[in-house]
Amino acid sequence: MPRRPLRLRTAEADAEVRAGLDRIRAEFSVPGAFPPAALAEAAASAPPSNGRVDLRDVPFFTLDPPGSLDLDQAMHLERRGSGHRVRYAIADVAGFVRPGGALDTEARARGVTLYLPDASAPLHPRPLSEGSASLLPGRERPAVAWTIDIDDAGRITGVDVRRALVRSRDRLDYATARRADGDPRIALLGEIGERLIAAEAARGGVSLPLPEQEVVHAGGGWALKLRGDLATEAWNAQISLLTGRAAARLMLDGGVGLLRTMPPAPAEAVERLRLAARALEVSWPGNASYGDIVRALDPALPRHAAFLHDAAGLMRGAGYTAFDGAPPGQAAHAAVAAPYAHVTAPIRRLADRYATEVCLALAADRPVPGWAREALPLLPEAMQRALRRGADIDHACVDLVEALLLRDHVGDVFDAVVVDVNGDRTGGRVQLVAPPVFGRCDGEGLPLGEQVRVRLEEADPARRRVRFSRAS
């Protein structure tokens, strides 16, 4: 029974992975090189510095995954009485992109940056996304600076947004930030992050603590790992969510904008989850919300992991909602438990450039630029299409490496946890203990949330599929 993490180490295996990734690129029409006209615009563009507030003396820092160069955000945090002030500088991509130009047209077609394990397909050319627009340390950069004050309960008490000049001091990644004992910036980020997490819980918001599968190339080979949220990553996410909530409120008050929305789960879906909790012996007191239950669970425990996979079904229907005039009937994002907008990743996500421009105009009490206002109704469909392609590519890459890792182990028996069961009880889905593979499993009466032994029946890299059966 294989227990050690499997890794594709040989030159032949490396070639197979890369060939498979190339097939995925072709299958999902991943964009390649930028048109010459778009590259020329990216190289020539330089937003004016006049009219910007000078924040170059503010010691901003960035916090991103290791090796990232497309740095959208930099932050500066401070205490103010019993509350805090968050300064969040966002790359001012709109200052580099001429509305209606070749670069704008290409970005609209791409929608988002697409990430594959061996390379990304950026939304904007690298000289811009990893150079002139990126908030790299020690470089003077144009930015959109949000200043958000919160009280001791994590509630927003003041918001300001304007164009600025900034100079980030340090580039941190999640792992180094976790080891940065004594760094007052990380201590303050934790203080604010935990306060915002508590405020989210009080509003009824919820984030599923499910680790994500990730294809990695390290140690001379390809492998899969489960990427769980580090505390620093969760705190960092709360700063972005805070800014998105401030932006949504600004747009709703101004009567025009683009929201990221998700409807609440239907009552019958919540009731089905209650039944699953009972079957998995997960305690759900009558007065506890769905979010209260999720926050108390440990995904490392088999029954809890199965419940969390079931709970993911409640987080459906996320999309974008444009409005101009009356606010939309469904303005909130159920997981955030508040109105929310995407404004913090314009280098990597198209919608953020437009929503940010709306916020800047509303905050300055001036008309929203026509190019931004006219695009709002077109963005929901374009973004959904781009995000769906990104998710499909992520799944395809993981499925490819799963099949390649297990191809030579057909017939072997693995330890696994049952994370889902078909309605007719003839099979379900399991997660192997090692390597972290998910796959279909045939067999009647699979015990949801229990550890079982499964036999690998199929591992087909061409079809990107693995299949198990319950071992006797």
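How many salt bridges are counted between domain 2 and domain 3? I opened the notebook with that, keeping in mind that this is a predicted model. The count came back as one salt bridge.

**Entry: the domains**

I began with the layout. The chain is divided into domain 1 (11–263 + 318–401), domain 2 (264–316) and domain 3 (410–471). Then I turned to the pair in my question. The centres of domain 2 and domain 3, taken over C-alpha atoms, are separated by 22 Å. I looked up the contacts and found five residues of domain 2 touching eight residues of domain 3. Between these two domains about 610 Å² is buried, and carbon and sulfur atoms give 62% of that area. On the domain 2 side, Pro 302, Arg 303 and His 309 supply 59% of the area buried against domain 3, more than any other three residues.

Next I picked up Arg 303 again. Its side chain meets that of Glu 450 in a salt bridge, at 2.1 Å from N to O.

**Entry: salt bridges elsewhere**

I widened the search to the whole structure and got 36 salt bridges. I noted a few of them here.

Asp 92 and Arg 52 meet at 2.7 Å, N to O. This pair links distant parts of the chain, 40 residues apart: Asp 92 is in the loop between strand E4 (83–91) and helix H3 (102–110), and Arg 52 is in the loop between helix H2 (36–44) and strand E1 (53–55). I checked burial too, and both Asp 92 and Arg 52 are buried.

Arg 87 bridges to Glu 78, with 3.2 Å from N to O. What does accessibility say about these two partners? Arg 87 counts as buried because its relative accessibility is 19%, under the 20% limit. Glu 78 is at 23%, so it counts as partly exposed.

Arg 85 forms a salt bridge with Asp 149, and their closest N and O atoms are 2.7 Å apart. Arg 85 lies in strand E4 and Asp 149 in strand E7 (residues 140–150), so the pair ties together parts that are 64 residues apart in sequence. Arg 85 is buried at 18%, and Asp 149 is buried at 17%. I also found one network, in which salt bridges that share partners join Arg 440, Asp 442, Glu 458, Arg 463, Arg 465 and Arg 467.

**Entry: rings**

I looked for aromatic pairs and the structure holds three. One of them is Phe 414 with Phe 468, edge-to-face, 6.5 Å centre to centre and 80° between the planes. Phe 414 sits in strand E16 (residues 413–421) and Phe 468 in strand E20 (residues 465–470), 54 residues apart. Phe 414 is buried at 0% relative accessibility, and Phe 468 is buried with 0% as well.

I then looked for charges over rings. Arg 110 lies over the face of Phe 34, 3.6 Å from the ring centre. The charged end of Arg 185 sits over the ring of Phe 61, 5.1 Å from its centre.

Which peptide bond did I note as cis? The bond from Ala 434 to Pro 435 is cis, with omega near -5°. Pro 435 belongs to the loop between strand E17 (427–432) and strand E18 (438–442).

Two residues other than glycine went down for positive phi. Glu 281 has phi near 60°; I found Glu 281 in the loop between helix H8 (267–279) and helix H9 (290–295), exposed at 65% relative accessibility. Ala 337 also has phi near 60°. Ala 337 is placed in the loop between strand E14 (332–333) and strand E15 (338–339), and at 25% it counts as partly exposed.

Notes:
Residues numbered from 1 in each chain as written. Predicted model: local features only at pLDDT ≥ 70, side-chain atom pairs only at ≥ 80, totals over all residues. Heavy atoms only, no water. Phe/Tyr/Trp six-rings, centres within 6.5 Å; stacked < 30°, edge-to-face > 60°. Helix = DSSP H or I, 4+ residues; strand = E, 2+ residues; numbered from the N terminus. Buried < 20%, exposed > 50% of the residue type's maximum accessible area, 1.4 Å probe, protein only. Lys NZ or Arg CZ within 6 Å of the ring centre and 35° of its normal. Domains from an automatic or database assignment. Contact = heavy atoms within 4.5 Å. Buried area = accessible area lost by both parts, 1.4 Å probe. Salt bridge = Lys/Arg side-chain N within 4 Å of Asp/Glu carboxyl O.
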